[in-house]
Amino acid sequence: MTKETQKDGTTIGLKKENHEMLVKFKDEKIFHEMMDGYRFAIAYSLNKGIDPQKISGQKVTTFNVGSLDPKKEIANAIVVLNTDLDIGVYKYAERLAESGMTELVKIYNNNNRLDLAKIIAESS
């Protein structure tokens, strides 16, 4: 077990407002599953180079890290891209997801939709 995973919990989530929007994204079939949207939010933050801040306030715990990242691909990507982490990798992933969801919600609110193909194309 690495130093980073020793500092991690076993579950992660989002603040209530972003959790509710993730549910909405699933209900509107933007994402097949909420976990897909959560992973996308992490990837979006990593791609945009967002420096995620500590999450303040109450969170809705949603996912077990073993289900979210069974092959440790998310954890490995985070460690490779952020070699100087001073918190657990999944705590950092949670911050990335929160920051990514905040940005995705802004896009959704500004356009009344979330066009994933456009977001991916703009990220390439």
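User: Taking helices (H or I, at least four residues) and strands (E, at least two) as DSSP runs numbered from the N terminus, where is Asn47 found?

Analyst: Asn47 belongs to helix H3. The model is a predicted one, in which local features need pLDDT of at least 70, side-chain atom pairs count only at pLDDT 80 or more, and totals for chains, interfaces and linings use all residues. Residues are numbered from 1 along each chain as its sequence is written, and side-chain values use heavy atoms, with hydrogens and water left out.

User: Which side chain does the side chain of Asn47 contact?

Analyst: The side chain of Asn47 has a polar contact with that of Ser123, at 3.3 Å. A polar contact is a pair of N or O atoms within 3.5 Å; within protein, one must be able to donate a hydrogen and the other to accept it, and residues adjacent in sequence count only if both atoms are side-chain atoms. Asn47 and Gly100 are 53 residues apart along the chain, with 9.8 Å between their C-alpha atoms.

User: At what angle do H3 and H7 pack?

Analyst: H3 (residues 34–48) and H7 (residues 116–123) pack at about 30 degrees, and their axes are 11 Å apart. Axes are lines fitted to C-alpha atoms, for helices over the stretch in contact, with angles from 0 to 180 degrees between N-to-C directions. The two helices, H3 and H7, are therefore roughly parallel (under 35 degrees; over 145 is roughly antiparallel, 65 to 115 roughly perpendicular and the rest oblique).

User: Which residues make that contact?

Analyst: H3 contributes Phe40, Tyr44, Asn47 and Lys48, while H7 contributes Leu116, Ile119, Ile120 and Ser123; contact means heavy atoms within 4.5 Å. The contact of H3 with H7 comprises five nonpolar, two polar and one charged residues. Here Ala, Val, Leu, Ile, Met, Phe, Trp, Tyr, Cys and Pro count as nonpolar, Asp, Glu, Lys and Arg as charged, and the others, Gly among them, as polar.

User: And how do H3 and H6 cross?

Analyst: The axes of H3 and H6 cross at roughly 90 degrees and come within 7 Å, so H3 is roughly perpendicular to H6. Among the residues that meet are Tyr38, Ala41 and Ile42 in H3 and Glu94, Ala97 and Leu104 in H6. This contact of H3 with H6 has 12 nonpolar, three polar and two charged residues.

User: Is Glu94 buried or exposed?

Analyst: Glu94 is buried because its relative accessible area is 8%. Helix H6, where Glu94 is found, spans residues 89–111. A polar atom of the Glu94 side chain lies 2.8 Å from the backbone nitrogen of Gly13. Leaving out residues up to four places away in sequence, Glu94 touches Ile12, Gly13, Tyr38, Ile55 and Lys59.

User: Switching to Thr61: what does Thr61 touch?

Analyst: Thr61 touches Thr11, Ile12 and Gly13, again not counting residues up to four places away in sequence. Thr61 is found in strand E2 (residues 59–64).

User: Last topic, the loops. Where does Lys72 lie?

Analyst: Lys72 lies in the loop between helix H4 (65–68) and helix H5 (73–81). Although not a glycine, Lys72 has a positive phi of about 65 degrees, and at 39% relative accessibility Lys72 is partly exposed.

User: What is phi of Asn112?

Analyst: Phi of Asn112 is also positive, near 60 degrees, in a residue other than glycine. Asn112 lies in the loop between H6 and H7 and is exposed, at 67% relative accessibility.

Terms used
Buried means under 20% relative accessible area, exposed over 50%, partly exposed in between (1.4 Å probe, protein chains only).
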